Amino acid sequence: MRSSNNKFAFVCVAMGLFLAFFATGKIAWAAEAKATTSIENASISVEDQTWTGSPIAPDVEVTLNGQVLTANTDYSVDFSNNTDVGTAKVVVTGMGNYSGVATATFNIKKQTEEDSTDDSPDSSTQSDETLSDSTRSFSSQSTGSTSSVDSSELSIQSSTTATVDMYRLYNPNSGEHFYTKDSNERDYLVALGWTAEGVGWVAPASSSTPVYRLYNPNAGDHHYTVDWNEKEHLVSVGWRYEGIGWYSDDAHTVAVYRQYNPNAVAGAHNFTTLKAENDNLVSIGWWSEGVGWYAVAEGKSLVSNSYIYLDAGHGWSSGIYDSGASGSGYIEAQQTSELAYKVAYYARTWYGLRVFVNTDEGSSKVSYEYRQADAKQRGCTALVSIHFNWSSGGATGSESYIHSINANYRSAALQTIMHTSLVSSLGLFDRGKKSWQIAVVSGKNNGLPAVLLEICYINNSYDMSVYKLKEDKVAQALAKGLYNAAQAGY
């Protein structure tokens, strides 16, 4: 009987670990709860430092009940406001046999004449106004503490602010977005299957406002906050405090918006500098939670590099208007123009994409065989051409094409992204991914990655009735396809 119970317990643990890995790309190993000693009353010894212009991480000695504790075994250390002249903060977090948090401060002082080097600011060149006795008081958002810094120190701060890139990643299994300044952590997660989405924003290397990072071992996701009380509350209900993730910009240069998904189990929060992304998530049911913290500058995501040329098929050819195919009471050129407009609208407003539609400047008079050249001249990174099919034999369904001879080497992957978006949203017969010698998708002369989509058969009344019923859904799916393509570097 005992043997049977042990086997059952082993199976349950194994299944739990498998589910945790599938959801989060990592296994959070469970350990037996054990008693720990709080370090909240520990003595922290740290010496004052001289300003260098870079973040300062001095040696810290932590003593509890007469015993000197061991760094990285009994505790971890984080610093805040440790770059500029003023009061820096030390945050010691218990680990192993110790728990809780203890804090201390140390001073970062201006270099004296004896300390100064040729590389340090020369006070003799500063203006009388800079060297005046005027002071500025600033408050710490996380601790409520205040300190006074004279204007000469502020001059040093503004000219030596260091920054770090904040990497943004996405877990396609759990739906979680993850943020880190550690490129090694980014690369590790990408190797596990996470999607790298570029640099989300640029953070100060240090400030008076730390952003705390926490992990939920039950749901498998992370949360980030500048609110000490929120951090403490989450720890009290089982979250693990992982220290200071990065810092918020005290100058409030660029807002990082925070949204909450009330329906999600994991990945419930999202953070972005893009107002369009914030507004889109709110429009589909997320809750806006205002500004989470501030960045020094917006990042450069992979999406921001993308500029897709959306070609509404037909229109003009050699100076003559070409209406394309017709049937079931519809004209192809009109349908392609309407759909391209809707796709571009969702791509721009929902995903913040840069998209050029060849009808943006009125009915395009660029012949379709020259639209590749037009896209390249505009600096576009890929081309997607929208068409409607025609058949004399009652054919039905959706298909897509790349060039059969001169396709850009990346066209096939782009075709897969956009073809999947089309057939999954429309639901008609999937006629497959094909190739043919079609000028608009040619990769000749360094042509762009390109795909032509045949939405459905315009002279098949059933096809068109289904399409018209799902036209908005198709437009949204194709916009999402453009976003996925942009994330893939198109």
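## Helix packing and nonpolar cores

Helix α6 (residues 332-351) packs against helix α9 (residues 461-487) at an angle of about 40°, and their axes lie 8 Å apart. The model described here is predicted. Angles of 65 to 115 degrees count as roughly perpendicular and those under 35 degrees as roughly parallel; α6 and α9 are therefore oblique to each other. Their crossing is right-handed.

On the α6 side, the residues that meet α9 include Leu339, Val343, Tyr346 and Trp350. Their counterparts in α9 include Met464, Tyr467, Leu478 and Leu482. By class, this contact of α6 with α9 has 13 nonpolar, two polar and six charged residues.

The largest nonpolar core has 42 residues, and Leu310, Leu353, Leu426, Ile455, Leu478 and Leu482 are those with the most contacts inside it. At least two residues of this core come from each of β22 (307-312), α6, β27 (354-357), β28 (382-389), α8 (411-426), β31 (450-457) and α9. Helix α9 gives the most, with 11 residues. A second, separate core includes Ile44, Val60, Leu64 and Ala102.

| Nonpolar core | Number of residues |
|---|---|
| Largest core | 42 residues |
| Second, separate core | 21 residues |

Leaving aside neighbours within four places in sequence, leucine 426 is in contact with Ser398, Ile455, Cys456, Val466, Tyr467, Lys470 and Val474.

Aspartate 374 lies in helix α7 (residues 371-377). This aspartate 374 is buried, with a relative accessible area of 10%, because buried means under 20%. Leaving aside neighbours within four places in sequence, aspartate 374 is in contact with Tyr309, Phe356 and Val366.

Technical notes:
Residues numbered from 1 in each chain as written. Predicted model: local features only at pLDDT ≥ 70, side-chain atom pairs only at ≥ 80, totals over all residues. Heavy atoms only, no water. Axes fitted to C-alpha atoms, helices over the stretch in contact; angles between N-to-C directions. Helix = DSSP H or I, 4+ residues; strand = E, 2+ residues; numbered from the N terminus. Parallel < 35°, antiparallel > 145°, perpendicular 65-115°, else oblique. Left-handed = near helix turned anticlockwise from the far one by under 90°. Contact = heavy atoms within 4.5 Å. Nonpolar A, V, L, I, M, F, W, Y, C, P; charged D, E, K, R; others polar. Buried < 20%, exposed > 50% of the residue type's maximum accessible area, 1.4 Å probe, protein only. Core = buried A, V, L, I, M, F, W, Y, C linked by side-chain atoms within 4.5 Å.
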